[in-house]
2 protein chains.
Amino acid sequence: MKTIDPNRFRDIDPGQRVLMGPGPSDVSPRVLQAMSAPCIGHLDPYFLSAMDETQQLLRYLFQTDNRLTIPVSGTGSAGMETCFVNLVEPGDEVVVCVNGVFGTRMADIVGRIGGKLTRVDAPWGRTIDPEDVRKAVEGKKVKVLAVVHAETSTGVCQPLDDLAAIARDAGALFLVDTVTSLGGMEVDVDRIGIDAVYSGTQKCLSCPPGLSPISLGPAAVETLTNRKTPVVSWYLDMGMVADYWGGNRKYHHTAPINMVFALREALRIIAEEGLEARHDRHLLNHRALVAGVEAMGLEMVVAKSDRLPMLNTIRIPAGVNDAKVRGALLKDFGIEIGGGLGDFAGKAWRVGIMGHACRRRNVVLFLSAIQTILKAEGFAAGPDVLEAAAAIYDEA
Amino acid sequence: MKTIDPNRFRDIDPGQRVLMGPGPSDVSPRVLQAMSAPCIGHLDPYFLSAMDETQQLLRYLFQTDNRLTIPVSGTGSAGMETCFVNLVEPGDEVVVCVNGVFGTRMADIVGRIGGKLTRVDAPWGRTIDPEDVRKAVEGKKVKVLAVVHAETSTGVCQPLDDLAAIARDAGALFLVDTVTSLGGMEVDVDRIGIDAVYSGTQKCLSCPPGLSPISLGPAAVETLTNRKTPVVSWYLDMGMVADYWGGNRKYHHTAPINMVFALREALRIIAEEGLEARHDRHLLNHRALVAGVEAMGLEMVVAKSDRLPMLNTIRIPAGVNDAKVRGALLKDFGIEIGGGLGDFAGKAWRVGIMGHACRRRNVVLFLSAIQTILKAEGFAAGPDVLEAAAAIYDEA
């Protein structure tokens, strides 16, 4: 029999970071407390009512009346996969917009499930040009047009209205990744005309990672209902999952009970603040962060018009050691920021101000800390960094 | 703008059940506390070391040296899907043993991913006959032989050694579902010769649902490495997931941080108790439960030789209202037990004594409560129910 010494393992004690990377973001103590409520059964009447309330709160968050609005039992990438495997059958035409890691991931998934992929590319750090999409869609019977709203790998915000119109005109379903945008900026599913949307809990919802809120509109549900082939994933088959979350309560898989408690509390906090106030808060802190960053002599990667409020990419100055700076932020200040992914590895920092972490205290802390570290690295910062940030708050 | 009244939603307060159904089981306060530690990043050095420790503890639990031993970011069914989508390519011969809901689910998944399915059936409540499996395998180039160790829908324990030998002789991978057995009875992966195994956190590990521990042995890893087609699921692609959990730490998807903290604590509790003591505890409480149940004049569904210790199916006596009894257990005593699934719906109760919930206090509570309820339903119980259970404990 193989043995193990249990005394080798100490109590969980992760300390307390300030999470300003690309997610997870800081979680409110209220959410952690809700998550640690006693576990109960997945068919317990109390849990069923908590599920209903979670769905009501998610519909508010997505600004939708879609009945099929639920948290998928996996992280944001599971939500992405859920949308594609349910809506795409082998041979279906799918147009995917790619300008970063998450568009690339969408294209990867389409290939795996046998969709006929057309990519519309834009350089990393730039938005997708709707004209390119229009051309890609022309003359094809497109089943799904997919795009990332908030590209977490680059910090680019993709305007959705033009693409929604193109999808509508082409008779295609409009599928949108809102993993990073939801809860931090407007994601008005019904007004925009989004047919399928997914997100993650660990960004602007400030809930631990583990669930992926999704919403499918009437056209998506009809597509799902009229499939000719079974959904390739049993676990993510929305026909069956909806039978549990909907009225029948038919057992499919055991829901992640405590994670649902956590999500419900995170959504309740959002409802208390109100979406508009929450979006304003993200924008204000973003403006202050950028003002400070630019006063420091650093450069934002993304053009002003295309920036996400909650995820800020900063060009790493020449001669500055990426890993050393991030290491010092974590070690000396307890601040996590993200490095670059893919094309941006070693070239950009990703600074998140998401949900519970999106506040003046953290903006000022980050600016102060990075200024100190960069100075030690020989990078001469401007003298008026904190004043520039303060001016933005004073205006508001 | 759609609005919602946040005051409609109250604080999470599920009360405190005694979870004696088919899972989730009662969660130790230690696990809930670990789960509510502050969230940190998925590449934070502290989290990386927590991942390593979780893997070490999982290897002990599975009694394996398999390097690829990790928790999949989904519930037990995601673990099932992970094993099949990674090991089976379209056209591969797969033999699945079916004697309940979970074998049926395996067969369903094989069909979805294009495997060439051969079912070996046994009646619900009975074990699979190895001779039937031998015949099914004969003359085929079988890629995977799959079986459920502990059929949660029936309470049947499937002996594994004969089936492992058949798989080995046939050159097939031996894939085993240990969702309900792991942590409550012997699952000695390396000794038995299991190539791929998955479980869930919410049964005998007494951790909330949300993760699925899996382990893939060298032959399974080789199969995965030599695939001709991509894994149909991006989310569950073990090649990429292993790159994050293994040495490279390459970002795949954001791990469910706090759920991993919870699992690590649940595994630490298991290591402290020791597997042998834990298995003995499950067996003892099972024997006492059965003694009480039979003294009451109730009948176990499964023959004595084939019973699982942690999941006990009891035949519902003629004339007794299933839903009413379970409702009274929940309402008057706060005890959850499970109803029957599939063929057993309305015919059997499923009483779990799993992990943290597996203790004398709960056995006696359940026996007392059901005796009281059945008496009110007109079912005359024997007078010596509690004495029968006590006699088992006294012997031990």
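**Talking through a predicted two-chain model**

Biologist: Let's start with A:Tyr235. Where is A:Tyr235 placed, and is it buried or exposed?
Modeller: A:Tyr235 sits in the loop between helix H8 (218–225) and helix H9 (238–245) of chain A. This is a predicted model, and in it A:Tyr235 has 32 C-beta neighbours inside 10 Å. The cut-off for buried is 20 or more, so A:Tyr235 counts as buried.

Biologist: Which residues is A:Tyr235 in contact with, leaving aside its neighbours within four places in sequence?
Modeller: In its own chain, there's A:His253. Chain B turns up too, and the contacts there are B:Gly74, B:Ser77, B:Ala78 and B:Glu81.

Biologist: What distance separates the C-alpha atoms of A:Tyr235 and A:Val72?
Modeller: Along the chain these two are 163 residues apart.

Biologist: OK, on to the interface. How many residues of chain B are in contact with chain A, and which helix gives the most?
Modeller: 66 residues of chain B touch 66 residues of chain A. Helices H1 (29–35), H2 (45–62), H3 (76–87), H4 (101–112) and H10 (257–273) of chain B each supply at least two residues to that side. The one that gives the most, with nine residues, is H10(B).

Biologist: How are the two copies related?
Modeller: Chain B can be laid on chain A by a turn of 180° and a shift of 0.0 Å along the axis, with an RMSD of 0.0 Å. The copies are thus related as by a two-fold rotation axis. 100% of the interface residues of chain B are also interface residues in chain A, so the copies meet through the same surface.

Biologist: What confidence values does the predictor give the complex and chain A?
Modeller: For the complex, the ipTM is 0.97 and the pTM is 0.98. In chain A, 100% of the residues reach a pLDDT of 70 or more, and the mean is 97.

Biologist: Which residues have the most contacts inside the largest nonpolar core?
Modeller: That core has 275 residues. As an example, A:Leu175 is in contact with residues including A:Cys83, A:Leu87, A:Val144 and A:Leu145. The residues with the most contacts inside the core are A:Val144, A:Leu145, A:Leu175, B:Val144, B:Leu145 and B:Leu175.

Biologist: How is chain A divided, and what separates the centres of its domains?
Modeller: Domain 1 covers 29–272 and domain 2 covers 274–395. Between them, 21 residues of domain 1 are in contact with 21 residues of domain 2. Taken over C-alpha atoms, the domain centres are separated by 29 Å.

Biologist: A:Gln63 and A:Ser206 have positive phi without being glycine. Is each one buried or partly exposed?
Modeller: Phi is about 55° for A:Gln63 and near 55° for A:Ser206. A:Gln63 has 19 other C-beta atoms within 10 Å, so it is partly exposed. With 28 such atoms, A:Ser206 is buried.

Technical notes
Residues are numbered from 1 along each chain as its sequence is written. Chains are lettered from A and ligands numbered from 1 in the order in which they are written. This is a predicted model: local features need pLDDT of at least 70, side-chain atom pairs count only at pLDDT 80 or more; totals for chains, interfaces and linings use all residues. A nonpolar core is a set of buried Ala, Val, Leu, Ile, Met, Phe, Trp, Tyr and Cys residues joined through C-beta atoms within 7 Å. A residue is buried if 20 or more other C-beta atoms lie within 10 Å of its own, exposed if 12 or fewer, and partly exposed in between; C-beta atoms are placed from the backbone. Two residues are in contact if their C-beta atoms, placed from the backbone, lie within 7 Å. Domain bounds come from an automatic or database domain assignment. Copies are superposed by least squares on the C-alpha atoms of residues with pLDDT of at least 70 in both. pLDDT is the predictor's confidence in each residue, from 0 to 100. Helices (H or I, at least four residues) and strands (E, at least two) are DSSP runs, numbered from the N terminus.
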